[in-house]
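Please read each point with the structure open beside it.

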Amino acid sequence: MDCSCGAGAVVSRTERDKQNPNAADLYCSCTKPECGHSFVASLGFKHSLNLPASFPAGVTLDASVQGTRIFCGCGERATIQKTNRLSINVSDIYCHCSGCGHRFVMYRAYAYTLSPSALTTNELAVALIRSIPPSARRELKQQLSLF
């Protein structure tokens, strides 16, 4: 999980969504002490990529979140294979179940802030710039030189 300042964030607790058993709210805190941002992100089942070769009877095509772990509908723990960042606040998380072979996609989306970052706007901007790859920094520098 990432904080808006570019640093990592840890999940302190998880609450299942009462209306959607395949989704959960993740309560997160920035690992950067001077930031202090705490926020809630949503994580939930989006869709299947492929069915298991031998799909067990009675198993649903979904996934769930328990604590900080993702579980396949068969009950086995799934591993994250890839994260596709669609924006700063939204990602698709590609998962694979080693138990039954189910491949599926979860979504992660920023929901809301619990306590704002203590960093100033300038400090946040610098932290974000430091978190991007050098090639993107060079491109950003060229774009900023136009102003």
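1. A word on burial comes first: a residue is called buried under 20% relative accessible area, exposed over 50%, and partly exposed in between, with a 1.4 Å probe and protein chains only. Thr14, at 24% relative accessibility, therefore counts as partly exposed. Thr14 belongs to strand E1 (residues 9–16), where strands (E, at least two residues) and helices (H or I, at least four) are DSSP runs numbered from the N terminus. Although Thr14 and Leu114 are 100 residues apart in sequence, their C-alpha atoms are 14 Å apart in space.

2. On the basis of these remarks: this is a predicted model, in which local features need pLDDT of at least 70 and side-chain atom pairs count only at pLDDT 80 or more, while totals for chains, interfaces and linings use all residues. Residues are numbered from 1 along each chain as its sequence is written, and side-chain values use heavy atoms, with hydrogens and water left out.

3. On confidence, pLDDT is the predictor's own confidence in each residue, from 0 to 100. The protein chain has a mean pLDDT of 82, and 93% of its residues reach 70 or more. Among the elements, the highest mean belongs to strand E7 (residues 90–97), at 92, and the lowest to helix H1 (residues 121–131), at 76.

4. On the overall layout, the protein chain contains 8 strands and 2 helices, and along the sequence these follow the pattern β-β-β-β-β-β-β-β-α-α. Its C-alpha atoms fill a box of roughly 60 × 30 × 20 Å, taken along the principal axes. Of its 147 residues, 31% count as buried.

5. On strand pairing, two strands are said to pair if DSSP finds at least two bridges between them. E1 and E2 run antiparallel and are joined by 7 bridges, with Cys30 in E2 as the bridge partner of Ala9, and a hairpin of 6 residues connects the two strands. E2 is also joined to E3, again antiparallel and by 7 bridges; here Ala24 has Leu43 in E3 as its bridge partner, and Ala23 stands opposite Gly44 in E3. E3 in turn pairs with E8 in the antiparallel sense over 11 bridges, and across that pairing Ala41 stands opposite Tyr110 in E8.

6. On aromatic contacts, rings of Phe, Tyr and Trp (its six-membered ring) pair if their centres lie within 6.5 Å; planes under 30 degrees apart count as stacked, over 60 as edge-to-face, and the rest as tilted. A search of the whole structure finds 2 such pairs. In one, the ring centres of Phe39 and Tyr110 are 5.9 Å apart with planes at 35°, so the pair is tilted. It links distant parts of the chain, with Phe39 in strand E3 and Tyr110 in strand E8, 71 residues apart. Phe39 is buried at 2% relative accessible area, whereas Tyr110 is partly exposed at 30%. Phe45 and Phe104 form another tilted pair, 6.1 Å centre to centre with 50° between the planes. Phe45 lies in strand E3 and Phe104 in strand E8, so this pair ties together parts 59 residues apart in sequence. Phe45 counts as buried at 17% relative accessibility, and Phe104 is buried at 0%.

7. Finally, His102 is found in the loop between E7 and strand E8 (103–115) and is buried, with a relative accessible area of 1%. Its side chain makes a polar contact with the side chain of Ser48, at 2.7 Å; a polar contact is a pair of N or O atoms within 3.5 Å, where within protein one must be able to donate a hydrogen and the other to accept it, and residues adjacent in sequence count only if both atoms are side-chain atoms.
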